[in-house]
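Q: I am new to this structure and would like to learn how to read it. Could you take me through it one feature at a time?

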Amino acid sequence: MEEKAIIVIQDLLKRYKNTAKNALDSLNLKVKQGDIYGLLGPNGAGKTSTISMLCGLLPPDSGEIIINGTNLRSKPDKVKAMIGVVPQEIALFEDLTAKENLMFFGRMHGLKKDEINRRGNDLLEKFSLTEKSNKRVKTFSGGMKRRLNLMVGIIHGPEILFLDEPSVGIDVQSKNVIIEYLKEINRSGTTIIYTSHLMEEAEKFCTEISIIDFGREITKGKPSELLENNKDCENLEDVFLKLTGRNVRE
Amino acid sequence: MNKLKAVIVKEILILSRDRAGMAMLFVMPVFLVLVMTLLQDSTFKQLDEKQLPVLIINHDADTFGLKILEGLKSSKFFKITEVENIDKQDFVQKIEKGEYLIGIIINEDATRRIRQSIQLNIQQQFPEEVGQLFEYEDNASGQARVEIIFDPILKSSYKQSILGSLKHFSAMVEARLMFEIYSGLFKDLLSIELKPTSSFDDIVNFDEKYASSGTNKIIPNSVQHNVPAWTIFAMFFIVIPLASNIIKERHSGVSARLLTIAGSKLISNLGKGMTYFVVGFIQAILMLFIGLFILPLFGLPSLQIGGNGLALLVVTIAVVMAATTYGIAIGNIATTEQQSSIFGSISVVILAAIGGVWVPSFMMSDLMLNLSKISPLNWGLNAYYDIFLRNSGLIDLLPNIALLLGFSFVCLFVSFLYSKRGLN
């Protein structure tokens, strides 16, 4: 029996103003519930555009996005209530403390103060930020900011979590903490959609991978299946280079 | 409601930690209103009550000379210094050096010359057969002369003021002398003794009133202008921290992050607008407090706020709305913080300059006066003038309130259009 698809993308098309090519060119994807779904591709392939549309940040020119049975176009708020987003940039208030950021975003997700404090303290503990919780974010290191950025995206315990390059530019320890925690919440039922340039990380972390280029899906499958289908490749990076080419992108 | 509260708490925390922003919103306007009010106080006094220093030599110890002297001395516009035995060159030098702005020399025999001129005129009215009515003095022929020496820096309005006063006193003396001469003729020709008249001064009563709805007469002064003017200026300076805050959120990705949370963007914008609205309101209260209680400590008159509290509240709401929405518009139009702070500050300074904040619009040329009508700061200032000086009611204030609210609407509409810019 086929597993339930929690995200269905049908013929998604997007062209930005003053550009000649489609950013997304009839993209079709299906993400199963409980997946850690890696959306991989070179620069300009359409990863961030896809994530932005899935989060309701960017309207598609055409096509449909169905999340957990709800059409994003017709009921965006219902979909937004199910998702958590961890953007590529550090989307935090630098003049607020870690606790104040968690409190603010928790409140925006409709959580009560006690609940935010409980969840926030757990997260601060897990991500080793308890001692710094009352310090302003602008005094944090890159790794600390990246961890808090993730905490803010999951404070409300979303069913589906979108992560855009969550481990970019951070130290190995921070990256390890983040990946381990993501695996933990995935085990408790959170579906994760993740973009990255780090092929080794994706190979170890993801349960499903889709490589897209020029706004289209060019291959998909479990990491082991991708390697199986490309026997001349030693690892996912080789598969990636084989399918997307070795030319440097803009 | 909890979401809105969270946004307001967040905005207050961020604003309270922005020392430069707080100084710009609260310290700068207080400093400006104190300095500018004290600075402009003398200018307003010149317009209103400053006495012009006048040096006089009176060589005519008769009715004309004495009346002129008495009249000028009793006028609140002139500070009269009478000198005797001074060389004319020294006298002129005192004006040249700026010790006095005006010098007046009433020449010898002025009264006699006026009298003789009147007699000659009367003589011409009678038929020749009546014969010679008066005995003329040979040494009193020709016109009576009053020399007036002006400091070249003196404004023409002040020249007109002194000339007007002199002509007024001269006309009074001429009338008095004419009456005396006719009285003499009645007595000589008809043996009728006329009773002395009481006064020629108040035949016409010039009843001065201010165009104000109320009964209290509030004189425009430095405080009445500067407090509302710099209050509005301060309120519009909200654009800098507000626009900067919006751009920071956009650049950091917080703005996009909020868009991924159901209903949060609208609440975030509302909460931000409400917080800055309250800040603007606090600024207005602070500035009114300074006008009412602090400026008098510096020897300045207390701010008179009129008797229409509701109108004051409504106008303040309209001005704060215009300022806040202008900040939101700039925050959405500008692409960088630098751009917003430069454009925001320069545009507010220009709108303030043409709007009559720096120089009151009643002192402007026609061109600038017409130009001032495009500035929202001018609409706000005029509305405050209406309340403070003219005791106007809400109905009278509607045009300016409508302009301010219309401006707010346009700003919000532009903000909405620009906020969609990054999403396509």
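A: Gladly! Let us begin with contacts: two residues are in contact if their C-beta atoms, placed from the backbone, lie within 7 Å. Please keep in mind that this is a predicted model.

Q: Let me try that on one residue. Leaving aside its neighbours within four places in sequence, which residues is A:Ile193 in contact with?

A: Once the neighbours within four places in sequence are set aside, A:Ile193 is in contact with A:Ile7, A:Val31, A:Tyr37, A:Leu39, A:Leu54, A:Ile160 and A:Phe162.

Q: Which residues touch the most other members of the largest nonpolar core?

A: The general idea first: in soluble globular proteins, nonpolar side chains tend to be buried together. Here, the largest nonpolar core has 81 residues, and A:Leu148, A:Phe162 and A:Ile193 touch the most other members. Helix H3 of chain A, residues 98-108, gives the most to this core, with 6 residues. Another core, of 60 residues, lies apart from it and includes B:Ile247, B:Ala323, B:Ile330 and B:Leu351.

Q: How do I read the overall form of chain A?

A: Start with the elements, then look at the spread. Chain A has 9 helices and 10 strands. Its radius of gyration is 18 Å, close to the 18 Å that the globule rule gives for 250 residues, so chain A is as compact as a globular protein of that length. Along the principal axes, the C-alpha trace of chain A spans about 50 × 45 × 40 Å. Of the 250 residues in chain A, 46% count as buried. As for contacts in chain A with a separation of 6 or more, residues 24 or more positions apart account for 70% of them.

Q: And is chain B compact or spread out?

A: Chain B has 15 helices and 4 strands. Its radius of gyration is 32 Å, well over the 22 Å that the globule rule gives for 424 residues, so chain B is more spread out than a compact globule. The C-alpha atoms of chain B fill a box of roughly 110 × 45 × 40 Å along the principal axes. Of its 424 residues, 37% count as buried.

Q: Into which domains is chain B divided?

A: Domain 1 of chain B is made of 2-46 + 225-423, while domain 2 is 51-190. Their C-alpha centres lie 56 Å apart.

Q: Could we look at one residue in chain B? Where is B:Leu166 placed?

A: B:Leu166 sits in helix H6 of chain B, which covers residues 156-190. To judge burial, we count the C-beta atoms around a residue: 20 or more within 10 Å makes it buried, 12 or fewer exposed. B:Leu166 has 17 other C-beta atoms within 10 Å, so it is partly exposed. Neighbours within four places in sequence aside, B:Leu166 is in contact with B:Ile68 and B:Val146. B:Val146 is 20 residues away along the chain, and the C-alpha atoms of the pair are separated by 9.1 Å.

Q: Last topic: how many residues does each chain bring to the contact between them?

A: Chain A brings 24 residues and chain B brings 21 residues. On the side of chain A that touches chain B, helix H2 (76-80), strand E6 (83-86) and H3 each supply at least two residues. The largest share of that side, 4 residues, comes from H3(A). By class, the side of chain A that touches chain B has 15 nonpolar, 2 polar and 7 charged residues.

Terms used
Residues are numbered from 1 along each chain as its sequence is written. Chains are lettered from A and ligands numbered from 1 in the order in which they are written. This is a predicted model: local features need pLDDT of at least 70, side-chain atom pairs count only at pLDDT 80 or more; totals for chains, interfaces and linings use all residues. A nonpolar core is a set of buried Ala, Val, Leu, Ile, Met, Phe, Trp, Tyr and Cys residues joined through C-beta atoms within 7 Å. Ala, Val, Leu, Ile, Met, Phe, Trp, Tyr, Cys and Pro count as nonpolar, Asp, Glu, Lys and Arg as charged, and the others, Gly among them, as polar. Domain bounds come from an automatic or database domain assignment. The radius of gyration is taken over C-alpha atoms; the globule rule is 2.2 Å times the number of residues to the power 0.38.
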